[in-house]
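User: Please go through this model with me and say what each label rests on. I will ask for the criterion behind the term as well as the value.

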Amino acid sequence: MEFNNLLFEASEGIATLTVNRPKALNALNEATLKELQCCFAGIQNDPGIKVVILTGAGEKAFVAGADIAAMQSFDALAAREFARLGHAVFNLIERLPQPVIAAVNGFALGGGCELAMACDIRLAAENARFGQPEVNLGVIPGFGGTLRLARLVGKGRAKELILTGEMIDAREAHRIGLVNQVLPPGELLESAVKMAKKIASKGQVAVRLGKEAIDNGLEMDQDRAARYEAELFGLCFASADQKEGMAAFLEKRAAHFRGR
């Protein structure tokens, strides 16, 4: 895949996608959002890709936000359509069959924080900074920030961050549950690849269904979520991966999963 604002590479079942606008701190404009949409649409239909790593070019920013210069002239209708595009792209990422790991290097503000939250797992460099500072510009988050932040850190903390526009460092983001791990900058991508390889080595039917159970079950009441989990648990037993995994365990050998 070739893009103007993204870098894409894939190896050993792991795709690495880099937002590549370092002079603009990787800010999201319409063109970049559409390239992300195109790239992830291709990934979701590629059985050769088991895990995705998403990061930003350079050391200063993962994604510093949406492109304010591009948004300044928006009227209400244009702003709504831009937000709808962002929602469509981030929903695609969140619902991708493959797990997506965000490797957050530097600023993840506004749309950048929203992009990271659309991923399944967030690894942060020690220099990472997170926030939803849209109120400083007279607007609110428009790419899912009010939805995902509250689900990740709780309603009260989300309101504090969104209504004050406060920026927090990686350690605080980890403390409140916004990120999974904090790492030295030089170890960030290496750790993301290590985690991606671990996930890629597992039974991919189970990985996909496990992600699905968590994402969809979270929106259900407990009884319905339990029934849903039981259905997906049953589906695992229709897969060759289940048969191989349990046989390998009983035979005391490494499993060789084939993703079906």
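Analyst: I14, T16 and T18 point one way from β2, A15, L17 and V19 point the other way, and all of them are buried. The model is predicted, with local features needing pLDDT of at least 70 and side-chain atom pairs pLDDT 80 or more, while totals for chains, interfaces and linings use all residues. Residues are numbered from 1 along each chain as its sequence is written, and side-chain values use heavy atoms, without hydrogens and water.

User: What makes T18 count as buried?

Analyst: Its relative accessibility is 13%. Buried means under 20% relative accessible area, partly exposed lies in between, and exposed means over 50% (1.4 Å probe, protein chains only). T18 therefore counts as buried. T18 lies in strand β2 (residues 14-19), where 6 of the 6 residues are buried. Leaving out residues up to four places away in sequence, T18 touches N5, L6, L7, T55, G56 and A57, a contact being heavy atoms within 4.5 Å.

User: How do you know that β1 and β2 are paired, and in which sense do they run?

Analyst: Strand β1 (residues 6-11) and β2 are joined by 6 bridges and run antiparallel. Two strands pair if DSSP finds at least two bridges between them, so β1 and β2 meet the criterion with 6. One of the bridges has E9 with T16 as its partner in β2. The two strands form a hairpin with 2 residues between them, and E12 in the turn has a positive phi of about 55°.

User: What pairs with β2 in the parallel sense?

Analyst: Strand β3 (residues 51-56) does, over 6 bridges. V19 stands opposite G56 in β3. Strands are DSSP runs of E with at least two residues, and helices are runs of H or I with at least four, both numbered from the N terminus.

User: Why is β7 described as largely enclosed?

Analyst: In strand β7 (residues 121-125), 5 of the 5 residues are buried, so the strand is largely enclosed by the rest of the structure. Both faces are covered, with I121, L123 and A125 on one side and R122 and A124 on the other. Strand β5 (residues 100-104) pairs with β7 in the parallel sense over 4 bridges, and A102 has R122 as its bridge partner. Strand β10 (residues 181-183) also runs parallel to β7, joined by 3 bridges, with A125 opposite L183.

User: What is the strand order in the open sheet, and which are its edge strands?

Analyst: The order is β4-β6-β8-β9, with mixed pairing. The edge strands are β4 (61-63) and β9 (167-169), each of which pairs on one side only. Neighbouring strands are turned by 20° against each other on average, direction ignored. Strand β8 (residues 129-131) runs antiparallel to β9, with 3 bridges between them, and F130 is partnered by I168. Helix α4 (residues 111-118) lies across β4, β6 (107-109) and β8, at about 75° to β4. Such angles run from 0 to 180 degrees between N-to-C directions, the axes being lines fitted to C-alpha atoms, for helices over the stretch in contact.

User: What makes a space a pocket, and what makes it a cavity?

Analyst: On a 1 Å grid over the protein atoms alone, a cavity is a set of points where a 1.4 Å probe fits but cannot get out; a pocket is an open set with protein on both sides within 12 Å along at least five of seven lines, and lining residues have an atom within 4 Å of a point. The structure holds 1 cavity of 30 Å³ or more. About 40 Å³ of space lies in the largest cavity, lined by C113, F130, G131, Q132, L149, L161, I168 and L178. The largest pocket has a volume of about 820 Å³, and 26 residues line it, with E94, D120, I214, D215 and L218 nearest its centre.

User: Which helix gives the most to the lining of the largest pocket, and how does that lining divide by class?

Analyst: α9 gives the most, with 8 residues. The lining has 11 nonpolar, 4 polar and 11 charged residues. Asp, Glu, Lys and Arg count as charged, Ala, Val, Leu, Ile, Met, Phe, Trp, Tyr, Cys and Pro as nonpolar, and the others, Gly among them, as polar. For the largest cavity the division is 6 nonpolar, 2 polar and no charged.

Notes:
Points joined across faces, edges and corners; volume = space filled by probe spheres on them.
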